[in-house]
Amino acid sequence: MTDVALTIAGQAGQGIDTASELLARALVRSGYYTFSYPNLMSRIRGGHNFTAVRVSDRQVYSAPGKFNALLALDERSVDEHREDMVEGGTVITEARSPKLEGRMQEAGREAGVFRVPMAEIAEKHGGSKTMANVVGLGALMALTEDGESPRSRGRDRNPVHSPFSKLQSLLKERFDSKGEEVVRQNLECLKAGADYVRKCRMSSVECRVLGQSAIVSRPSRTGQRLLMTGNHAIALGALASGVRFYAGYPMSPSTSIMEYLAAKQAEAGLVMEQVEDEIAAINMVIGASYAGARAMTATSGGGFSLMVEGLGMAAMAELPVVIVIAMRPGPATGFPTRTEQAELLFAISASQDEFPRFVFAPGTAEEAFYATNRAFELAGKFQVPAIVLSDQFLSDSLWTVPGFNFGRVKASDDFDEQAWQGRPAHSYRRYAFTPSGVSPRLRPGLRGQLVHMLGAEHNEDGFQTEDAGVRTKMHEKRMMKLAAMSKAVDEPTCYPEETADCVVVCFGSTYGAAREAVDILRQERMSAALLHLCELAPFPRARVAARLSSARKVITVEGNSTGQLASLLRRETGIKADAQVLKYDGRPFEAASLAEEIGDRCQ
């Protein structure tokens, strides 16, 4: 079984993002599953960034803890990661670092340091040092390609389907718009990097290269696979749901949702508006919803803070809006490019007074696509706001998705206009009392009917009132929706589908590391299982309580310092977690270390 990590590291501006995406895409096209997590500093150039590309022949969901091969585009990257290498791994770096091997040995890692003059090769074949990343990519591919290891030597292989060939095709696609000369330069840099490694491996014992652990075995290809970030999955989910209006202000890590939708607006018939701040964004989304469009916005915690009054207005006006919150460490600016899960309770309770809402927290890119669709559908059905909680780990990671089942996707008509055709003039009441609390909804402009909405308390016609009795009845009408909303919430995910002594409970993107940690514990013959909550408001209290009723130990795992999920679990079900695993350093959970922590607490 293949499960290795290939990491590209260097300074911002050295092309790490491009190289790692090309690497992941080439491997997926060759039949592997990959998972890429970008670890970025919040700066335009310089600093230290890296992206770990995990490669496997099975689906993987979390960042690796150790690296099998490291492409270090600067010397600092070797120092930063020398203790992160597996025994026998390989570091590819510039030739101008004579002391690196000694430093690797100081770290106690018997990793090979393979020196490739990447900048020199790039200048010779590409005319610029900026293509050093492509040279390094060629070297990395030559080291890992199937058929080069003694173990795999002699096996049949088709070079057309090799990752290296896929990478050549991808370079042509990526740089085609820049002209034939740029394509040629990149292809030559890629080949030169690979040739340097191949020639050196065959001719010199000084080229101490990677151990067998970094060799990827041949994958078994099964079906179509997509490669996308969590943000792209959310944007695709919105498009599949019929979104017609998006307004937003750029804020990491949500920005790529807006960028993706902006690129698709003409094709999708979508109006996209980049506005001056988040207050304008939420209010424009409310206006678009009133006019009849499926509308959404996306931001991070700081931006959502500004949207809170608008959130309340959407609830009072009973307008469906979808808001994506991509969480990051705070408060204030915090870590703009890192991850955390500290806005769960904020999302569930934000705004003045009380009102129903949906809150989703998908665990993977695939789940983010479907959760976004459910957010639109349920917001429209119940005329309430819906929030999709993401985080930097889910938003920016590059996931392998095994295609989407569009049979699950719904794009219902949220309006009752056909039923109101020909009704007596001025008989429509926007906030008519109904047994479910959900009133008929019309778009403004239907002949003979007035669609009047208000953010202040109002009567059934939508006009302002301070009548105590109307206020009480209207508040009860809005809260009445909760009963049906609770029934509409999906079951939590149980993995595996059997009872266990120790049950791990988590939400959002912690799913991947927690699932793999459970696998590790079960391999060690521990009775462990996972309960993942994607739909948190209304809380599925009966179903969660039933699932946890037979557990000997309940362990919550979440990316914040106070145990917000544990608090919510106790508030909604009365179940007190026996232990909590919390992380709030801006970095995601890693499966192996998480398994150790859960195992200790389950004893």
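1. The side chains of Asp585 and Lys583 meet in a salt bridge, with N and O 3.1 Å apart; the term stands for a side-chain nitrogen of Lys or Arg within 4 Å of a carboxyl oxygen of Asp or Glu. Asp585 is partly exposed at 37% relative accessibility, and Lys583 is also partly exposed, at 23% (buried means under 20% relative accessible area, exposed over 50%, and partly exposed in between, with a 1.4 Å probe and protein chains only).

2. Please keep in mind that this is a predicted model, in which local features need pLDDT of at least 70 and side-chain atom pairs count only at pLDDT 80 or more, while totals for chains, interfaces and linings use all residues. Residues are numbered from 1 along each chain as its sequence is written, and side-chain values use heavy atoms, with hydrogens and water left out.

3. By the salt-bridge rule the count comes to 30. Salt bridges with shared partners join Asp3, Arg54, Arg58 and Glu516 into one network.

4. Glu21 and Arg174 form a salt bridge whose closest N and O atoms are 3.1 Å apart. This pair links distant parts of the chain, since Glu21 belongs to helix α1 and Arg174 to helix α6 (residues 163-175), 153 residues apart; helices here are DSSP runs of H or I with at least four residues, strands are runs of E with at least two, and both are numbered from the N terminus. Glu21 is partly exposed at 21%, as is Arg174 at 31%.

5. Arg541 and Glu572 meet in a salt bridge at 2.5 Å, N to O. Arg541 lies in helix α18 (residues 541-548) and Glu572 in helix α19 (residues 564-573), so the pair ties together parts that are 31 residues apart in sequence. Arg541 is partly exposed at 47% relative accessibility, whereas Glu572, at 17%, counts as buried.

6. The largest pocket holds about 860 Å³ of space. A pocket is an open set of points on a 1 Å grid over the protein atoms alone, where a 1.4 Å probe fits, with protein on both sides within 12 Å along at least five of seven lines, and its lining residues have an atom within 4 Å of a point. The lining comprises 35 residues, of which Asp17, Pro38, Leu40, Thr51 and Asp396 lie nearest the centre.

7. Which element gives the largest share of the lining of the largest pocket? Helix α1 does, with five residues. Elements that each supply at least two residues include β1 (3-12), β3 (46-56) and α14 (392-396).

Note on methods:
Grid points are joined across faces, edges and corners, and a volume is the space filled by probe spheres set on the points.
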